[in-house]
Amino acid sequence: MAVSVGKTGTQSFVMTIGGECVPGKMSFGVINPATGKVFAEAPECSAEQLDAAVSAAERAFPDWSRDMDRRRQALLACAEAIKTHAEELAPLLTREQGRPLPLAHQELEFSLGWFQFTAGMNLPVEVVQDDPTAYIEVRHRPCGVVGAITPWNYPLLMFTWKVAPALLAGDTVVIKPSPYTPLTTLRFGEILNEVLPAGVLNVVSGDDELGAMITRHPAIRKVAFTGSVATGKKVAAAIAPDLKRLTLELGGNDAAIVLDDIDVETAAAKLFGYAFANSGQVCCAIKRIYVHESVAAQLVEALAGIANATKVGDGMDPESQLGPLNNKPQFERVIELVEDARRSGATIVTGGKPLDGEGYFYPPTLVTGVGSGTRLVDEEQFGPALPIIRYTDVDEAIRNANDTTYGLGGSVWSADPERAVAIADRLESGTVWINMHMMPNPAAPFGGWKWSGVGVENGIWGLTGFTDLQTLSIARA
Ligand code: NAD
């Protein structure tokens, strides 16, 4: 492990460029959100170092793109390498991201499971003509160098959703994590480079401008981006001049529509989990609940019971069920959205104020007496503050659920699956769930409608997003 002591006396990390461990000429501090204090330093990638990373990926491409079986084996070796280093990586993830340690382990398990699943996938070949005059097949060819950019909420899973399919498809990668959570990704770079050929995977770190440089780099042929809608739009504009391929996985404002026939206690436990996992910092968390008036009071009471019993604290404390918000701007945003709701006359049922002491801790907060027009309902809060909105007519709930520029996910909750599916059919989102929410599956496409994204990740649809189509035609007459 190539770490050293940085200028503030904290641990300092390195980038991986062309198979080498490369320190930055400059570095930046990484804050532990449980303390609000810098605990490590990450390298600041220079323009020259980014060029070197892209050149290394270009050089590695011809050989890497040649042999799919070799790439499959390499992905399985990546999964093994992650498993071997899980005990080191999980606490580091908790310290930079904030979530409780068991959930950091869970992210590592998901990541290695995704590498394993992806290793077993195939790129489809479709024969569209096979007769005495011609043989024509449509196949998928790798794009070249992929520039990947990830957010801070699930740094390793978002890494995996891009790197695993890109590598299997035959692309080579330059990836940049969020400046809030660069450390585990930098370590992933070092660890995976022990089992990958030099230059196939390059990991650089830096601020938002480094992301912009990746999107503008002429030798990068595809950008795979996960982050906010606002940044996603900048990325789309930046890649336009040289028509790079693009996947955008952006924000969400997922609605859960709760029907009048649910078992309240069972549904409440699940709804709470899918709304407050990772302290609400999940793109496809439940961000609004629309509940039928006949069960609304009971549901709010059941959710409040769970919220009040939930222990919020440092992710390294085994008692903690929810950790801090990841960073100060996000912490301040949640505070502001709840205050805005309060000013508009909302009822704050639980929580509603940051916890005393250091760190970015905010308790699970339930808000009623709000509706469309309140920022907490209309905007993506990305934090532990959940608006619960009563409805009388389910058509009105569906209309409100769809009345947004977001379209990532949505769910319907009912004892009658057929009734629920009929409502789900009317939701405008990339995924619809019944009596569940949030859980992605490596075999199923995940992506957003409207401003929640362009293209998808996962499944065969995500894999082929790292390729260009090529038609092979052979004359026979
Ligand atoms: P963000 O958009 O601020 O940053 C994401 C990444 O983009 C970071 O690495 C950042 O440094 C980089 N970046 C910033 N400006 C850039 C630019 N001009 N060009 C290129 N890169 C740039 O998002 P965030 O705050 O890190 O993440 C939270 C958001 O991500 C939420 O909206 C959440 O819903 C979304 N998200 C979506 C998914 C999904 O799969 N749809 C998954 C996780 C998170």
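Predicted model: local features only at pLDDT ≥ 70, side-chain atom pairs only at ≥ 80, totals over all residues.

Biologist: Where does Leu472 sit?

Modeller: Leu472 is in strand 22, which covers residues 467-475.

Biologist: And what is Leu472 in contact with, leaving aside its neighbours within four places in sequence?

Modeller: Tyr135, Ile136, Glu137 and Arg139 are the residues Leu472 touches, once those neighbours are set aside.

Biologist: How far apart in space are Leu472 and Gly369?

Modeller: Their C-alpha atoms are 60 Å apart, and in sequence the two are separated by 103 residues.

Biologist: OK, switching to the ligand. Which residues are closest?

Modeller: Asp208, Ser228, Thr231, Leu250 and Glu380 are the closest, out of 30 residues that surround the ligand.

Biologist: Which polar atoms lie by the ligand's oxygen atoms?

Modeller: In the side chain of Asp208, an N or O atom is 2.7 Å from a ligand oxygen. Thr231 also has a polar side-chain atom 2.7 Å from an oxygen of the ligand. With Gly227 it's a polar backbone atom, 3.2 Å from a ligand oxygen.

Biologist: How much of the ligand does the protein bury?

Modeller: The protein buries 91% of the 850 Å² that the ligand exposes when taken alone.

Biologist: Which elements give two or more residues to that shell?

Modeller: Those are helix 7 (208-216), strand 12 (222-226) and helix 8 (229-239). Helix 7 gives the most, with four residues.

Biologist: And by class, what's in the shell?

Modeller: There are 14 nonpolar, eleven polar and five charged residues around the ligand.

Biologist: New topic, helix 14. Which of its residues are buried?

Modeller: Ala420, Ile423 and Ala424 are buried in helix 14, which spans residues 417-424. Looking down the helix axis, the buried residues fall within an arc of 100 degrees, so they line one face of helix 14.

Biologist: What do the buried residues of helix 14 pack against?

Modeller: They pack against strand 14 (254-258), helix 13 (394-402), strand 19 (409-413) and strand 20 (431-434).

Biologist: Last one: what caps the N-terminal end of helix 14?

Modeller: Asp416 does, with a side-chain oxygen 3.1 Å from the backbone nitrogen of Glu418.

Notes:
Residues numbered from 1 in each chain as written. Heavy atoms only, no water. Buried < 20%, exposed > 50% of the residue type's maximum accessible area, 1.4 Å probe, protein only. Arc of directions from axis to C-beta. Contact = heavy atoms within 4.5 Å. Polar contact = N/O pair within 3.5 Å; in protein donor to acceptor, adjacent residues only side chain to side chain. Near = heavy atom within 4 Å. Areas by Shrake-Rupley, 256 points an atom, 1.4 Å probe, with all protein chains shown as cover. Nonpolar A, V, L, I, M, F, W, Y, C, P; charged D, E, K, R; others polar.
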